[in-house]
Structures are given as structure tokens and as C-alpha cells.
Amino acid sequence: MTDLPTTPADNRPYSPGLEGIIAGESSLSYIDGERGRLLYRGYPIGELVKGGSYPAVAELLWTGEWNPGAKLPCEPVSPTVLTALRALPRDARPMDALRTAVSVWGAERNPSWPATAEQARSLTASSPSALAAFARIRQGLEPVAPDPELDLVPGFLYQLNGERPSDESARALDAYFIVGAEHGFNASTFTARVISSTRSDIAAAVAGAIGAMKGPLHGGAPSEVVEQIHEVGSPDRAEAWVREQIANGTRLMGFGHRVYRAYDPRAAALRQVAESMERKPDWLALAIAVEDVALRVLAEKHPDRPLKTNVEYYAAPVLMGVGLTPDLFPAAFALARHAGWTAHAIEQGAANRLIRPDVRYIGPAERHLPGA
Ligand code: ACO
């Protein structure tokens, strides 16, 4: 009997979940997790929320130029996209409908590689129309054509509800879109970069990114925040409820982050927006009370790993305040992140290297089928 070769020990560094690993270079955003800072191309997120608009921020990401007057009205959905959306089951998840619409957009346009700002603008302006169309179709309503006079965010709300939104709603959702636009090498953006690195097109990159964002550890949290707050019911139950969740090993949605150890600056910006809204949900005060308790209990349970509020916590009251139903929250996040995903597709294409890491093999040593 001959000696079988064994697999040699692989002692190269390995970090589960790629935590702490630098897997690329980008000039799009800077995250300072320790101090809770987020910059898009050098500009602090709080300044962009106060002085910018989503189209201006998207242009900044795509081109590097700051043009506060930039406009990006929604584009109409093509008949083929509409046919695909009408063919879906009415109870399909909005994220799946959006991913389908992006795929069909790609099949029709067949965009070339490398990705361009023109492609990014068109896809980013088409997806809100597709999501709004699906949201109406599933209710048995006819889609509404975009109003070319409205910019992207009010234009999305218009197509969703069939009437022009108030300035307050448009501004609140615009703030949400700005804070959701870009965030480094998170799971969905990394997915978009991997796909772009194979010289696949911008629609494939965004469709894949939507798939990654669909999971509750990434983009599915805000709707669960609403459920959790309703479960608490009243401020006097907050302490017992939080302790019970932690004791059961249930994660509190809207808390913790892979990168932030400080309060997520996006949560801070959205909390201000939520508190200043006239039509804020009546459970916002309860959410603030639950947050105080949760931060205290999480600090007690994890003294060495600061777990603070993340963007999803205050995304929930803002999205609800502008009239979105919780099942649309993840897809709204995906619309906002189009700017970042497509900017990363452009950046990857501009200095491409196929992303193909190694894996440590932990399976059986070489063996043979009987009789071989
Ligand atoms: N509630 C309770 N405990 C938590 C939470 C939470 N929200 N988040 C982390 N922990 C605990 C973990 O149980 C773990 O405890 P242990 O060491 O005793 O096992 C410890 O803190 C470290 O957690 P990790 O899983 O290592 O943290 P990781 O970086 O992998 O997770 C994540 C980050 C996924 C966001 C996590 O904090 C979480 O699940 N949060 C809730 C979901 C959520 O809010 N997602 C939205 C994120 S923001 C975004 O994607 C835009």
C-alpha cells in the first residue's frame, strides 16, 4: 500500500468573514469605526445630508465632482420590465422584484464593461420606477409614469402613491437615500466588486448586490426593528424585554456593526430627521426609550466589544414616516445603495484585478473510490 499524500498544513493568515482584511482600494468613502465618522470622497455624511441631495451625492460618487444642483429624474420602466414584474406572484418579496427588474434592464441594455457613469445614472434612475411599479401591481393598481419634473426621491414617492409627496416627506427620504448611498466594502458592495472584477456588466453587479443585501444581517433589519418595538409595547417593559432577548441569544435589530464601535453617524443623522418629522410614527418615542435601555444592557453584556445603534434603527421610523410599508424597507435601502454599488463597479473597472481569494482546505486528505 502506497502512502497517500496528505494536505499540507496551511498556515497563511485567515480571518473568518474577512474581518479586518483589506481586500481592495477605494476613494469613495472613508469609515472611521472607532470615532463614528463617515466621509464620501472626503465630505462628512452630516454635511452631505444638510447641504446635498441624493442626485448630487450620487454624482459625487460617480464622478468625484460636487455639483449641488445635480438632477436625476426617475426613468420610465420598459414594457419588458413591466411584463416581468406583472408575471411575478403578488406576494413576491419586493427585493426579489427589484432584482428581477435589474436583471431584465441588463438583458435589454446589454451594458458594456467597464461600467460608466452614464450606465450608473440610467440604472439608478430606473430602479425606483420598477420598485414603485411592482408595489402598485401587487395591490392591483396600474403603475404611474414618472413625472420628469420631479427629482429621483420625490419621483419615486410619486410613482408609489400616485400623488406628489410633501416637501417634508421628500426631504426625509432623500436624507435616508444619502446616508444609504455608500459604505465601503460591506457584503453587497463587495459582491458587486467581485462580479465587476470578472468583467461582467453593471446590471449583473447590482443584481448580485441586491441578493447579498436581502439577508437580515445586512439589509433586512429595519422592518424587524418595527416588529421589535411593537413587541416591547410600552417603555416600562423595555428593560425586561431587552434582557429576555439577550438571554435567549436573540440579536437586537438595529444594534451592532462589523466596523463601527462608536454610534453609527448615519443613525445620528436619521434620528434627527425622524425627530423633526411632522408625520413621525407614534412609536418613535418608545424606540428612543428602548434604545437607551438596549445600549446600557449591551454595554453590560459585552464590555469588550462596544455594540451601538446602527443606521437601520432610525431608518425604520423615517421610512415609515414617509409612508413606506415595512416590507418595502429592504428594497428602499437597495435603491439608495445603487449609487455606491455602481460607483464601485466603475472604480473596479478603472483598475481591474480579478478578485479571487484562496480558501483553506479542511476536508479529508486524498482518498480513493473502492476499486480505483
Ligand atoms: N444584539 C445582541 N447581541 C449582539 C448584536 C445585537 N444586535 N450584535 C452583536 N451581538 C453580540 C454577538 O452575539 C456576539 O456575542 P458573543 O461574542 O457573546 O457571541 C458579539 O456581540 C459580537 O458579534 P459578532 O457576530 O461577532 O458581530 P459581527 O461583526 O459579525 O456582526 C452584525 C455585525 C451582523 C451587524 C450584528 O451586530 C447583528 O447581527 N446586528 C443585528 C442586525 C442588524 O442590525 N443588521 C444591520 C447592520 S447595518 C447594515 O447592514 C447597513
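Select helix α4 (residues 94-109) together with helix α9 (residues 202-213) in this predicted model: their axes, lines fitted to C-alpha atoms over the stretch in contact, come within 8 Å and cross at roughly 170°. The two helices are therefore roughly antiparallel to each other, a term for angles over 145 degrees. Helices here are DSSP runs (H or I) of at least four residues, and strands (E) are runs of at least two.

Next, show the side chains between them, where Met95, Leu98, Arg99, Val102, Ser103, Trp105 and Gly106 in α4 meet Ile202, Ala203, Val206, Ala207, Ile210, Gly211 and Met213 in α9, contact meaning heavy atoms within 4.5 Å.

Local features need pLDDT of at least 70, and side-chain atom pairs count only at pLDDT 80 or more, while totals for chains, interfaces and linings use all residues. Residues are numbered from 1 along each chain, and side-chain values use heavy atoms, without hydrogens and water.

Then turn to the aromatic pairs (ring centres within 6.5 Å; planes under 30 degrees apart are stacked, over 60 edge-to-face, the rest tilted), of which the structure holds 7. Select Tyr43 and Trp66, whose ring centres are 6.0 Å apart with planes at 45°, so the pair is tilted. Tyr43 is partly exposed at 35% relative accessible area, and Trp66 is partly exposed at 30% (buried is under 20%, exposed over 50%, partly exposed in between, with a 1.4 Å probe and protein chains only).

Move on to Tyr313 and Tyr314, an edge-to-face pair at 5.1 Å centre to centre and 85° between the planes; Tyr313 is buried at 3%, as is Tyr314 at 0%.

Finally, select Tyr54, Phe156, Tyr176 and Phe177, which form one aromatic cluster.

How values were computed
Axes are lines fitted to C-alpha atoms, for helices over the stretch in contact, and angles run from 0 to 180 degrees between N-to-C directions. Angles under 35 degrees count as roughly parallel, over 145 as roughly antiparallel, 65 to 115 as roughly perpendicular and the rest as oblique.
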